[in-house]
Amino acid sequence: GLPAEKYQYQAEVSRLMDLIVNSLYSNKEVFLRELVSNASDALDKLRFLSVTEPDLLKDAVDLDIRIQTDKDNGIITITDTGIGMTRQELVDCLGTIAQSGTAKFLKALKESKDAGADSNLIGQFGVGFYSAFLVSERVEVSTKSPKSDKQYVWEGEANSSSYTIREETDPSKHIPRGTRLTLYLKRDDKGFAHPERIQRLVQNYSQFVSFPIYTWQEKGYTKEVEVDEDPAEAKKDDQDEKTEPKKKKTKTVVEKYWDWELTNETQPLWLRNPKEVTTEEYNEFHKKTFNEYLEPLASSHFTTEGEVEFRSVLYVPSIAPTAKDDIVNPKTKNIRLYVKRVFISDDFDGELFPRYLSFIKGVVDSNDLPLNVSREILQESRIVRIMRKRLVRKAFDMILGITMSENRDDYARFWENFGKHLKLGCIEDRENHKRIAPLLRFFSSQSEEDMISFDEYVENMKPDQKDIYYIAADSVTSAKNAPFLEKLVEKDIEVLFLVDPIDEVAIQNLKSYKEKNFVDISKEDLDLGDKNEEKEKEIKQEFGQTCEWIKKRLGDKVASVQISSRLSTSPCVLASGKFGWSANMERLMKAQTV
Ligand code: ADP
Ligand code: MG
């Protein structure tokens, strides 16, 4: 055949390979998880495409992964019957980085350096194909895509800046479809080529892969074989068992042979009975499915029946994945949609969850959607709309569950990471106000350290108090020092402190909670129900001229100057008009126009 062609890696790839090898040195075994997960992805892609093109399956019907070891020579081969790669795809996929897992790894590596995390943590990330070089001297990727009639071999070596691609011309090495990886292990890593070790790693790292993984194992069975009698034994027997009838001598031997052994459990977790799944298994599934390294804050496993049937496992992760201000990116790949167990897509843009809930992770498996569901179908589908409604409800139940957790820190943690998302929900999702409101938390004049809920506020209201009072400010300190607060503090009325810029807009969208209106105490006509009309009239007469004089001096700078009963120790205060913006809103608007 043609000689192998040589290519240079994209510069980032070489750097990434160095990084992987150096930072995962003590956690080399992740290579198997990565390569098996690639095989599983390739099988998913093929299964998905075969729904509309059944012909794709004809070269190899079984969708599986097979791992064989040669311990004498230190070689591992991993073969899948997935989608394979064309020559061009080999160059694009294995010579450049544009892939999710590796990008995430780089980011995590950077962050963990700052935070001083250990390399074991990093091992939890998807680091991708190049992790093969953690243990391999040389890697061969022989692959056959159904799009091409030729099979190609990609070959790379550890510590090299180039790789080669050639056509596979040896017919004995041909595969019908998919990819065969051959790892030639480094001298010190040849121990990975032991069948029992591979078996343990698969069970440990890949138990949630939904395709069968077979490993090549030595097996044995016992059988009885007749043996020639040993003369000495025969003599002894004669003495011991005189009365026993004479019988032929047999011996138990173990016959050894090699065969494929199914090594993982292929029943997807979400199809199992929730009563039989342990918290550890849910946590494990979360880690493996989403390449997460932290335990989730909550999970929910349910089946819905009736109009639309689907099964789902949802999670609330314990940290926001991106910078806190990046909450409007709904394209998180957090929801994996399956139709009849076939993976369809994780590329959603608000179809299954509104964007403010895009931090929820999970799998959803429906029997009611067509297998060849397209993005357009998803967007138009009535079934999807119903699913979305249910999913959102379940997500809120799950979050409410965190508020009831024995560990109070859990909700504090949730709020710190996702409070902003819920506030965004107040603005964007009127329909779910009733579900969002009980989850909100604010500081208050009577609780400056621990945030309180509206329910706690309501509980603490004065018998004749009708409204929920709040003040918006840029910090608890400035809220606390606001002159508007004096009267209320004096009367021992609690006031919520809205110190996050989005708070005020969120609350204004809610309008009320349990029929109690939200009232901004900095607005002009605050009525605390203690008006003394007689006295006010007197004061107005006495100070009317003073007010006019002040207004004249200030001119257009203020709308009006009025006598107020709202203060107890400060002489005067700047208030917002009833229909105007609050001072905080003005600050916000200014900030936005800059
Ligand atoms: P990721 O899996 O996050 O995309 P990897 O580095 O693990 O990143 O893999 C890079 C790409 O190489 C994959 O996206 C895929 O396109 C291709 N690839 C790797 N292994 C296989 C395989 N067994 N079959 C088909 N394609 C593969
Ligand atoms: Mg991968």
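Two strands count as paired here if DSSP finds at least two bridges between them. Keep that in mind for the close-ups below, which all come from a predicted model.

**Figure 1. The whole chain, before we zoom in.** This predicted chain has 18 helices and 20 strands. Of its 594 residues, 32% are buried. Look at contacts between residues at least 6 apart in sequence, and you'll find that 74% of them join residues at least 24 apart.

**Figure 2. Six strands make an open sheet.** Reading across the sheet, the order is β16-β15-β18-β17-β20-β19, and the pairing is mixed. The edges belong to β16 (447–452) and β19 (512–513), each of which pairs on one side only.

**Figure 3. A closer look at β15 beside β16.** Strand β15 covers residues 442–444 and runs antiparallel to β16, with two bridges joining them. To spot one of the partners, find S444 and look across to S447 in β16.

**Figure 4. Helix α11 crosses helix α16.** Here α11 (residues 408–428) meets α16 (residues 501–510): their axes come within 8 Å and cross at roughly 40°. The crossing of α11 past α16 is left-handed. On the α11 side, K420, K423, C426 and I427 make the contact, while α16 brings I502, D503, V505, A506, N509 and L510. Sort the residues of this contact by type and you get six nonpolar, one polar and three charged.

**Figure 5. Two loop residues with a positive phi.** Most residues other than glycine have a negative phi. N159 isn't a glycine, yet its phi is positive, at about 60°. You'll find N159 in the loop between β5 and β6 (162–167). With 10 other C-beta atoms within 10 Å, N159 is exposed, because the cut-off for that is 12 or fewer. K340 isn't a glycine either, and its phi is also positive, at about 45°. K340 sits in the loop between β12 (335–339) and β13 (342–345). K340 has 13 other C-beta atoms within 10 Å, so it counts as partly exposed.

**Figure 6. K150 in its loop.** K150 lies in the loop between β4 (136–144) and β5 (151–157). Is K150 buried, exposed or partly exposed? K150 counts as partly exposed because it has 13 C-beta neighbours inside 10 Å. Also in view is T169, 19 residues away from K150 along the chain, with 9.0 Å separating their C-alpha atoms.

How values were computed. Residues numbered from 1 in each chain as written. Chains lettered and ligands numbered in written order. Predicted model: local features only at pLDDT ≥ 70, side-chain atom pairs only at ≥ 80, totals over all residues. Helix = DSSP H or I, 4+ residues; strand = E, 2+ residues; numbered from the N terminus. Buried ≥ 20, exposed ≤ 12 C-beta atoms within 10 Å, placed from the backbone. Contact = placed C-beta atoms within 7 Å. Axes fitted to C-alpha atoms, helices over the stretch in contact; angles between N-to-C directions. Left-handed = near helix turned anticlockwise from the far one by under 90°. Nonpolar A, V, L, I, M, F, W, Y, C, P; charged D, E, K, R; others polar.
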